[in-house]
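Keep the selection tool at hand.

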Amino acid sequence: MDDIVELTDQECHELLRADVVGRVAFVTPQGPRIVPVNYVVSDAGLELRTTPYSELATYAPESPVAFEIDHLDREQGRGWSVVVHGDCERVLDDAAAAFEEPGKDPGPWAGGRRPLWLRVVVAEITGRRVGGEHWPHPVVPRL
């Protein structure tokens, strides 16, 4: 078995900037929830859009959340994961225009209007990989 290797902050940030879909975890009165979301990385944190009536919009703002991206190669038995911890906030300023910048908008994969902007303010970022000392981190390229 290969040892688990901790990723540097720089590697974690590079992987976050290279992808557009992750999962955000938050707590509801009924217990924890994890939902997939499209996101962009801005100077202020991770930004995403949702519907105002979603569980995410109802319970995540003003609360601590976790966010994760990962990649697994089952055939080679290797993979990596990046986890962000931070507070979620409603975005009320014009800085949320990251989705509007050319080349930045991954476009929400889910249908319908998603007018509510949320931001995860990064308090901690960690990452790790397994599957070989010289294995390069596979990254999903932005289209």
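**Whole chain.** Start with everything selected. This is a predicted model. Colour by secondary structure: you get 2 helices and 8 strands. Now colour by burial. Of the 143 residues, 40% count as buried. The accessible area is about 8,500 Å², and carbon and sulfur atoms account for 53% of that.

**The core.** Which residues touch the most other members of the largest nonpolar core? Select Leu 16, Leu 46, Leu 56, Phe 67, Ile 69 and Val 82. The core holds 25 residues. Helices H1 (9-18) and H2 each give two or more of them, as do strands S2 (21-28), S5 (45-50), S6, S7 (78-90) and S8 (116-130). In soluble globular proteins, nonpolar side chains tend to be buried together.

Centre on Phe 67. Leave out neighbours within four places in sequence. Its contacts then include Leu 16, Leu 46 and Val 82. Gly 22, Arg 23 and Val 24 are also among them, as are Val 37 and Tyr 39. Val 83 and Val 84 are in contact with Phe 67 too.

**Helix H1.** Select Cys 12, Leu 15, Leu 16 and Ala 18, the buried residues of H1. Look down the axis. They lie on the same side of H1, because they cover an arc of only 165 degrees around it. What do they pack against? Strands S4 (40-42), S5, S6, S7 and S8.

**Strand S5.** Move to S5. It is mostly covered, with 6 of its 6 residues buried. Show its pairing with S4: antiparallel, over 3 bridges. Pick Val 40 and find its bridge partner in S5, Glu 47. The hairpin joining S4 to S5 runs through 2 residues. Next, show S8. S5 and S8 also run antiparallel, joined by 5 bridges. Select Arg 49; its bridge partner in S8 is Trp 117.

**Last stop: Glu 62.** Go to the loop between H2 (55-59) and S6 (63-73), where Glu 62 is found. Is Glu 62 buried or exposed? It counts as exposed because its relative accessibility is 62%, and the cut-off is over 50%. Check the backbone as well. Phi of Glu 62 is near 65 degrees, a positive value in a residue other than glycine.

Terms used. Residues numbered from 1 in each chain as written. Predicted model: local features only at pLDDT ≥ 70, side-chain atom pairs only at ≥ 80, totals over all residues. Heavy atoms only, no water. Helix = DSSP H or I, 4+ residues; strand = E, 2+ residues; numbered from the N terminus. Buried < 20%, exposed > 50% of the residue type's maximum accessible area, 1.4 Å probe, protein only. Areas by Shrake-Rupley, 256 points an atom, 1.4 Å probe, with all protein chains shown as cover. Core = buried A, V, L, I, M, F, W, Y, C linked by side-chain atoms within 4.5 Å. Contact = heavy atoms within 4.5 Å. Arc of directions from axis to C-beta. Pairing = 2+ DSSP bridges.
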